[in-house]
Amino acid sequence: MSTARNVIIIGSGPAGLTAAIYTARASLAPLVIEGELSSTSDQPGGQLMLTTEVENFPGFPTGIMGPELMTNFRDQAERFGTEFITDKVTRVDFSARPFRVWIRDTEYTANSIIVSTGAQSLMLGLPEEESLIGHGLSTCATCDGFFFRNQEIAVVGGGDSAIEEATFLTKFASKVYLVVRRDAFRASRIMQDRALANEKIEIVWNSQITALHGETHLTGATLVDTITKESRPLDVTGVFVAIGHRPNTDLFKGILHMEDSGYLITKPGSSYTDIPGVFACGDVQDHTYRQAITAAGSGCMAAIDCERWLEAEHD
Amino acid sequence: MAEGIVTLTSATFDEVVQSSSTPILVDFWAEWCAPCKAIAPVLADIAVEQVGHLAIAKLNVDDHGDIAQRFGVMSIPTLLVFDKGELQKTLVGALGKGRLLQELSEFLPSSH
């Protein structure tokens, strides 16, 4: 089995790239299969590729742009000899060692695996979504905000990401309706204050979007009050969705131990999954903190767990 | 600018698209769009590999918003493919090279 690599890292957000920096510096010559280009958060670099200013990553007192931060992570991993493949893993077999990972017909083998596939944004789940995506319905405020200059638009969601998007979009839109399902935000206090202080943001509490209208492009939406069940039209030309995330774990169904919600289960205080030699880090196993810094921290844990496990196996 | 990629402006768009001897893919992009930057090297590759089969051009929506508006572009990257001056295909969002080549297969010589 001399051809098997030491470690393959699947995914390239803050967790995967931190694991790459650490395993590369430990001379494990990691291979990172970084994902496939897309306009959703399921892409190389992960969710931060679709954000603007990151204000809470320590070490950047004046903030840093999300894509720039991820480019820095990647450059740092590359500097120590990380190998990258820009594609998506299509199948894995962890039933025997070396572990096997495929990209379509090409097989890669490794003695250990670090899973850091992250999470992607949930959509509303409405049938009209498919035809309207890119035509008024957007997954990327930073890409598409520009096209809604002086228009009225809606952002759906009550968490930090929703408020960040809504605030960013007020640079372009004349008005942003922030559609929140409950009568309170999930967001942090500083973000809540930011939303409440912004004159262009109107918060629509206890509401859900239940339909999108328009043939070639979005012309409006239907809002339903979650308490009275009354519906009313919402006159917007753009809808941006930030209602939460789901972990990217379809690849590991029936293979790795996971919660009903799809999040991988790791041994508390470590990155160990239920298969020895397979480690998990970042948002794919964290529905509690979900921060760039916690993902990076758990990526470091996975790298150290992996290095020690490989050493013990070797003895 | 990568080799073989034409930069279009509001002034040159119609003439270049109408007179292209091969199908031409126009990439609507902007400096502030991270997925646009991510696909730039993919398009640069395709431009070189498909010389004589598919022309690749770029249009900056910040500077030439009128053209973006004319084609209803509301999300970038958007890739429009024209053949003999007619719009034949619209692709919205970033794609990896493999999937993009699949989407463009009708405009490319078959690989076998």
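Mentor: One term before we start. Two residues are in contact if their C-beta atoms, placed from the backbone, lie within 7 Å. And keep in mind that this is a predicted model.
Trainee: OK. What does A:Val156 touch?
Mentor: Leave out residues up to four places away in sequence. Then A:Val156 touches A:Leu124, A:Ala162, A:Val179, A:Ile209, A:Val239, A:Val241, A:Ala242 and A:Ile243.
Trainee: How many residues does the largest nonpolar core have?
Mentor: It has 123 residues. A:Val156 is among those with the most contacts inside it, and so is A:Val239.
Trainee: Which helix gives the most to this core?
Mentor: Helix H2 of chain B, residues 34-49, with eight residues.
Trainee: And where does the core lie in terms of the domains of chain A?
Mentor: Between domain 1 (5-121 + 245-314) and domain 2 (129-241), because both give residues to it.
Trainee: New topic. How many residues does each chain bring to the contact?
Mentor: Chain A brings 22 residues and chain B brings 18 residues. On the chain A side, helix H4 (residues 141-144) gives the most, with three residues. That side has nine nonpolar, 10 polar and three charged residues.
Trainee: Which strands pair with E3(B)?
Mentor: E1(B) pairs with E3(B) in the parallel sense over four bridges. E2(B) also runs parallel to E3(B), joined by six bridges. There, B:Trp29 has B:Asn60 as its bridge partner.
Trainee: How does the chain cross from E2(B) to E3(B)?
Mentor: Through H2(B), in a right-handed β-α-β crossover.

Methods: Residues are numbered from 1 along each chain as its sequence is written. Chains are lettered from A and ligands numbered from 1 in the order in which they are written. This is a predicted model: local features need pLDDT of at least 70, side-chain atom pairs count only at pLDDT 80 or more; totals for chains, interfaces and linings use all residues. A nonpolar core is a set of buried Ala, Val, Leu, Ile, Met, Phe, Trp, Tyr and Cys residues joined through C-beta atoms within 7 Å. A residue is buried if 20 or more other C-beta atoms lie within 10 Å of its own, exposed if 12 or fewer, and partly exposed in between; C-beta atoms are placed from the backbone. Helices (H or I, at least four residues) and strands (E, at least two) are DSSP runs, numbered from the N terminus. Domain bounds come from an automatic or database domain assignment. Ala, Val, Leu, Ile, Met, Phe, Trp, Tyr, Cys and Pro count as nonpolar, Asp, Glu, Lys and Arg as charged, and the others, Gly among them, as polar. Two strands pair if DSSP finds at least two bridges between them. A crossover is right-handed if, with the strands pointing away from the viewer, the path from the first strand over the helix to the second runs clockwise.
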